[in-house]
Amino acid sequence: MSEDAFSEVTPKKVRQRVFLVVVDDTKEMGNALHYACRRAQRTGGRLALLYVIEPVEFGHWLGVGRIMEADARATAEQRMQKLGAEVFKLTGSMPIIHIREGKRSDEVVRLVQEDDTISTLVLATAAGGADPGPLVTHVTNQLGRKLKIPLVLIPGELSTDEIDELTH
């Protein structure tokens, strides 16, 4: 083989792993976030955070509905700023932020379908019960049909030390 043949070979560009975490008010979401941060840190990846504002139906009280939507948006932005700082502290990079309106489970599936940079969806199961939670149930029902990325389920009962041990 000639030297020219080697110079024409270019290394394949390695795609950065993006770990998606769905932000909600559950305790176990912290487990998903911690796991994703540790995996991103150890693999040179990055986090993406999705916050979904559930629709407010107020029909006749349009003005009240708009005020509630504005408050929900402000709450979402404040929460994402706080989590963004936490992610930066753990990983050294700012997360990709997604704020959407709609039904949470539908928006998760939609985002994964639209954004081909997302390589892994990280969710945590509800602690202490037989039901893993509504989002986990919905997403697992979509696997193979609409989601073409790995899903990592973190048990809600794990401590941060146990998560660190798993991701080491």
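Start with helix H4 (residues 104-114) and helix H5 (residues 134-142): their axes come within 9 Å and cross at roughly 40 degrees. That makes H4 oblique to H5. Oblique is what remains after under 35 degrees (roughly parallel), over 145 (roughly antiparallel) and 65 to 115 (roughly perpendicular). Axes here are lines fitted to C-alpha atoms over the stretch in contact, with angles from 0 to 180 degrees between N-to-C directions. The H4 and H5 crossing is right-handed, meaning the near helix is turned clockwise from the far one by less than a right angle.

Which residues of H4 and H5 make the contact? From H4, Arg104, Ser105, Asp106, Val108 and Val109; from H5, Leu135, His138, Val139 and Gln142. Contact means heavy atoms within 4.5 Å. By type, the residues of this contact are four nonpolar, three polar and two charged.

A word on the source. This is a predicted model: local features need pLDDT of at least 70, side-chain atom pairs count only at pLDDT 80 or more, and totals for chains, interfaces and linings use all residues. Residues are numbered from 1 along each chain as its sequence is written, and side-chain values use heavy atoms, with hydrogens and water left out.

Now the strands. His98 is in strand E3 (residues 96-101). Buried or exposed? Buried, at 15% relative accessibility; the cut-off is under 20% relative accessible area, with a 1.4 Å probe and protein chains only. Beyond four places in sequence, His98 contacts Ala48, Leu49, Leu50, Tyr51, Met80, Leu111 and Asp115.

Thr120 is in strand E4 (residues 120-124). Thr120 is buried too, at 10%.

Methods:
Helix = DSSP H or I, 4+ residues; strand = E, 2+ residues; numbered from the N terminus. Buried < 20%, exposed > 50% of the residue type's maximum accessible area, 1.4 Å probe, protein only. Nonpolar A, V, L, I, M, F, W, Y, C, P; charged D, E, K, R; others polar.
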